[in-house]
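Thank you all for coming.

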Amino acid sequence: MKAGISRLAASVALGGALMAGLAGCNPQSLPDVSQLPFLDKTPSVAEGLESLSTASDASLATPTIREDGVLTVGIDADASLAPMCISGDNDTVSGIDIDLASALADQLGLKVRFVSIVGTDEATADSCDVVMNVSPDSVSDSMVVGSYAESASAFFHKGDSGVVSASDLADKKVGVQSGSVSERALGKTGLDMTKTPYANLNEAFDALEAGEIDYVLCDAYAGAFLAHSYGDLAFAGTLDAPATRGIAVASSNTELQVAIQQALDEALNDGTYEAIRARWVGEFPTLTADQQISDIPEAESSTGDTQTDGSGEAEGDASDSTEQTPAEAGSNAVTL
């Protein structure tokens, strides 16, 4: 992804399949997304850079922001998962982070420019105004403002949305992406499930839809993104406690922190963010402690008791000691 990509809409990545999935939402509870100025058709890069904000006069200027009239937004594309950020052809990007950043810039009377970054603290210090989708625990020289998403490993099944119990999971078949964070997390529990590894989450969800497995365990938002394209797959609770994610700003830039917090509060309160989120994950709930399955048993040994379908190896023998980057097989990746 190159610097200079601007205002890209979420609806392109999945096309008709994703929009068909949105039909399950109650349109009365959401704004008409066709009327939101930042959710228009994807422009070319040149058109995006020339498009002016329609919300208001710019209230921020240099040195609070790096370039007058522009909110420069950092995206770590290699570390982002669908549906938060998806890199497409011709240097396009889309997803929840892209739509939300565009909405915030619009509220601030600014254009928006997305730049690829590696390292949040370095980015807020040297190359961008804000970085999307950041955990407060992952930074030292940046302040994470607000909260708009959560990270956790979550179960999905065929049925109604809700939180199952450990007894519901016992002796069931669960699909995971091979080498993923969620696979390792499962192996550290005492859940007695038969694990089936898949090369990617698309294959796992196809197997769930076909009835070949009972559950999929994966990154919560990635799973909600895929489940949203089916009519009968739903969230079934998180394995671990959800951790919030927000927007990083340089710790010294208090004026921008206040402005971003106000713009985010507005997007959360007026239904703008609800509409953005519904495009990508439908009626997926905001994750809190109430969505965590409360009676998950602890592992009896360091290798865990989870069985593996076909390989004969215990989960703990796989990759617990090796951290993998999201670009590798260890991610809860979605192939588009």
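This is a predicted model: local features need pLDDT of at least 70, side-chain atom pairs count only at pLDDT 80 or more; totals for chains, interfaces and linings use all residues.

Let me begin with a question: is Asn 133 buried or exposed? Asn 133 is buried, because its relative accessible area is 15%, and buried here means under 20% relative accessible area, with exposed meaning over 50% and partly exposed lying in between, all computed with a 1.4 Å probe on protein chains only. Residues are numbered from 1 along each chain as its sequence is written, and side-chain values use heavy atoms, with hydrogens and water left out.

Now the overall picture. The protein chain has ten helices and 13 strands, where helices (H or I, at least four residues) and strands (E, at least two) are DSSP runs numbered from the N terminus. Of the 336 residues in the protein chain, 50% are buried.

Five strands make up an open sheet with mixed pairing, in the order S4-S1-S5-S12-S6, and two strands are said to pair if DSSP finds at least two bridges between them. Strands of a sheet pair through backbone hydrogen bonds, either parallel or antiparallel. Which strands stand at the edges? They are strand S4 (111–116) and strand S6 (142–151), and because each has a single partner strand, one side of each is left without a neighbour in the sheet. S6 pairs with strand S12 (residues 243–250) in the antiparallel sense over seven bridges, and one detail of that pairing is that Ser 142 has Ala 250 in S12 as its bridge partner.

Helices pack on this sheet. Helix H3 (residues 96–107) touches strand S1 (70–75), S4, strand S5 (130–134), S6 and S12, and its direction makes about 145° with that of S4; for such values, axes are lines fitted to C-alpha atoms, for helices over the stretch in contact, and angles run from 0 to 180 degrees between N-to-C directions. Helix H9 (residues 254–269) lies across S1, S5, S6 and S12, and runs at about 20° to S6.

How do these helices meet each other? The axes of H3 and H9 come within 9 Å and cross at roughly 115°, which means that H3 is roughly perpendicular to H9, since angles of 65 to 115 degrees count as roughly perpendicular, under 35 as roughly parallel, over 145 as roughly antiparallel and the rest as oblique. The contact is made by Leu 100, Leu 104 and Gln 107 of H3 together with Ala 263, Leu 264, Glu 266 and Ala 267 of H9. The axes of H3 and H10, in turn, come within 10 Å and cross at roughly 160°, so H3 is roughly antiparallel to H10. On the H3 side of this contact we find Ile 96, Asp 99, Leu 100 and Ala 103, and on the H10 side Thr 272, Tyr 273, Ile 276, Arg 279 and Trp 280.

Next, the interior. A nonpolar core is a set of buried Ala, Val, Leu, Ile, Met, Phe, Trp, Tyr and Cys residues joined through side-chain atoms within 4.5 Å. The largest one has 61 residues, of which Val 73, Tyr 148, Phe 156, Phe 205, Ile 260 and Phe 284 touch the most other members. Apart from it lies another core, of 14 residues, including Val 164 and Leu 191.

Asn 133, where we began, sits in strand S5 and, not counting residues up to four places away in sequence, touches Met 84, Asp 97, Tyr 148, Arg 245 and Gly 246.

Note on methods: Contact means heavy atoms within 4.5 Å.
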